[in-house]
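Dear colleague,

Please find the structure we discussed below, handed over for your use. A written account of the findings comes after it.

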Amino acid sequence: MPYVEGFDTWPFGEEWLWDAMAGSYLPLLELLDGGAPLTLSLTPVLCDQLAAPGVPERFAEFVEGVCRETHELDVTGLRAAGEQELARELERSWGDYAAALAQLRSRGGDMLRAVAPHAQWTSSATHAILPLLASDAGVRAQVQVGVDAHRARFGADGWRGGFWLPECADAPWLRGALANAAVRSVCVELTDRFGLGAREHLRPLLSEAGVVLVPIDRETMSLVWSDEGYPASGAYRDFHHHTLHQHKPWSNDGGAYDPDRALALVKHHAADFVARTIARLRDAGAGLPGGGLAVFAVDTELFGHWWYEGIAWLQAVVEECSRQGLELARLDDALERHEPAPLEDPGGRRAEGTRGAQDWQASSWGRNGDLSTWSGPAVAEMAFTARAAELEVLAAGSRASTAAVRELFALQASDWAFMVSRGGAAPYGQERFEGHRQALARALAQPDERSGPRNLAVYADRGALFAL
């Protein structure tokens with residue numbers, strides 16, 4: 001989740017967080033509390049926002065104010081237009097928000113405390129694309145602050161070294177910093193290197209630095225996360241077709257959304273997913289130690305927010321795994337039983353060392369499997385500006401204030417370039433990037449300034465960038 005606290009409201013800004021809480025996080029908690037063995041990674045920048053003062057009150061204002069009022073307005077408009085089925089669906093879907101608010105209140109209004117028992121992996125401080133940072137010091141700071149923030153919030157004993165590389169963006173020169181921060185395992189996207197469906201995606205790899213690289217299995221993920229994946233089916237709710245106030249009463253096939261029809265399809269797709277995964281492991285994983293490990297990794301917000309039926313599908317998958325005999329395991333547990341293979345490049349040489357190594361180039365799960373989503377022509381200036389800002393802060397050394405370090409970290413977030421590159425909320429992404437750039441310049445010009453992003457405790461220690 002981008003750092004949106006206090007930065008604008010509907011249709012872009014802080015309300016993204018409230019929508020994610022209502023549609024994804026709170027419904028997912030019920031599944032996790034029930035014991036589903038899923039791996040949850042929480043970014044420090046999201047945790048900061050969930051722990052910020054006033055979250056339960058502002059969420060309640062969003063639900064009882066914005067959501068209630070806009071649902072009522074759209075229901076009235078649809079009834080006036082003779083669209084009774086669509087109006088009834090909006091009246092029903094309003095109940096999702098009311099139920100989410102009731103659930104948060106039943107948990108004492110503390111979202112972060114509710115999710116804490118399930119927080120297993122962490123990430124870089126502000127979800128920065130680590131291979132694009134300008135310096136090793138910058139990489140170390142993003143990684144170490146992310147690890148320290150997780151340990152401080154959730155306890156050092158419960159963290160087993162899992163670290164989500166933002167956008168699965170990996171490069172050989174990152175692994176020393178990861179190992180120094182006690183990171184033991186990361187997920188990587190290697191589809192372009194090995195090919196879709198290759199058996200190499202079903203076994204962890206041991207890097208020279210000792211960090212285990214766990215390939216995500218694109219063939220398994222594509223059953224859901226692709227243009228032809230399950231969420232595109234006609235019975236499911238259409239995410240893109242919406243009313244004047246951004247509500248979604250239509251199904252993908254154009255009719256009024258029917259939740260009973262959609263939930264019936266969920267069960268079919270869950271059974272299909274588990275059966276296909278079993279076949280994948282049987283065919284491509286034959287001969288691998290433990291039979292292979294298929295890692296299905298997606299953004300949490302896919303479930304419930306982007307794909308309305310996603311939480312129900314996930315629950316059905318858990319049940320189908322038990323019924324069909326497919327072992328479902330948290331990744332930390334699975335890695336205890338799957339011995340990693342040595343990491344080698346195609347020529348058989350170890351592929352780690354310094355920046356710019358050509359044998360094992362940077363990869364990500366973005367467009368083209370590389371870093372172009374965050375550094376291509378549409379956003380190249382943003383990438384260069386962020387790198388220049390990082391070097392400027394490093395050059396300032398002890399003269400750089402806490403506010404400057406905070407603004408640098410906020411500037412480095414992957415979200416701004418992603419919005420611009422993909423064309424979704426592009427003006428907002430550009431505005432946020434430019435705002436943090438200007439605030440950084442002011443903070444460097446006034447070293448004693450104590451302003452900057454509010455309630456972002458993870459960046460409070462300005463020494464993090466210089467002491468590592």
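The notes that follow cover helix packing, cysteines, backbone angles and a few individual residues.

This is a predicted model, in which local features need pLDDT of at least 70 and side-chain atom pairs count only at pLDDT 80 or more, while totals for chains, interfaces and linings use all residues. Residues are numbered from 1 along each chain as its sequence is written, and side-chain values use heavy atoms, with hydrogens and water left out.

Helix packing

Helices (H or I, at least four residues) and strands (E, at least two) are DSSP runs, numbered from the N terminus. Axes are lines fitted to C-alpha atoms, for helices over the stretch in contact, and angles run from 0 to 180 degrees between N-to-C directions. Angles under 35 degrees count as roughly parallel, over 145 as roughly antiparallel, 65 to 115 as roughly perpendicular and the rest as oblique. Contact means heavy atoms within 4.5 Å. In the class counts, Ala, Val, Leu, Ile, Met, Phe, Trp, Tyr, Cys and Pro are nonpolar, Asp, Glu, Lys and Arg are charged, and the others, Gly among them, are polar.

Helix α1 (residues 15-33) packs against helix α4 (residues 84-106), with axes that come within 9 Å and cross at roughly 60°. The two helices are therefore oblique to each other. Their crossing is left-handed (the near helix is turned anticlockwise from the far one by less than a right angle; clockwise would be right-handed). On the α1 side the contact involves Asp 19, Met 21, Ala 22, Leu 26, Pro 27, Leu 29 and Glu 30, which meet Tyr 97, Ala 100, Gln 103 and Leu 104 of α4. By class, this contact has 8 nonpolar, 1 polar and 2 charged residues.

Helix α1 also meets helix α3 (residues 55-80); here the axes come within 10 Å and cross at roughly 90°. These two helices are therefore roughly perpendicular to each other. Glu 15, Trp 18, Asp 19, Met 21, Ala 22 and Leu 26 of α1 are in contact with Val 55, Arg 58, Phe 59, Phe 62 and Val 66 of α3. The residues of this contact comprise 8 nonpolar, no polar and 3 charged.

Helix α14 (residues 380-396) and helix α17 have axes 11 Å apart and pack at an angle of about 20°. That angle makes α14 roughly parallel to α17. The crossing of this pair is left-handed. From α14 the contact takes Met 382, Thr 385, Ala 386, Ala 389, Glu 392, Val 393 and Ala 396, and from α17 it takes Gly 429, Gln 430, Phe 433, Arg 437, Leu 440 and Leu 444. These residues divide into 8 nonpolar, 3 polar and 2 charged.

Cysteines and backbone angles

With a disulfide taken as a pair of cysteine sulfur atoms within 2.5 Å, the count comes to 0 disulfides. For Cys 47, the nearest cysteine sulfur is that of Cys 187, 18 Å away.

Accessibility is described as buried (under 20% relative accessible area), exposed (over 50%) or partly exposed (in between), with a 1.4 Å probe and protein chains only. Cys 47 is buried at 1%, and Cys 67 is buried at 2%.

Cys 168 has a positive phi of about 55° although it is not a glycine. Cys 168 sits in the loop between β3 (163-164) and α7 (175-180), and its relative accessibility of 0% counts as buried. Asn 368, likewise not a glycine, has a positive phi of about 70°. Asn 368 belongs to the loop between β7 (341-342) and α13 (372-375) and is exposed, at 53%.

Individual residues

Leu 205 lies in strand β5 (residues 205-206) and is buried, with a relative accessible area of 10%. Leaving aside residues up to four places away in sequence, Leu 205 touches Leu 190, Phe 194, Val 211, Val 212, Leu 213, Pro 340, Ala 341, Pro 342 and Leu 343.

Asn 180, in helix α7, is exposed at 65%.

Glu 431 is part of helix α17 (residues 426-445) and is partly exposed, at 46%. Its C-alpha atom is separated by 49 Å from that of Arg 282, 149 residues apart along the chain.

With kind regards
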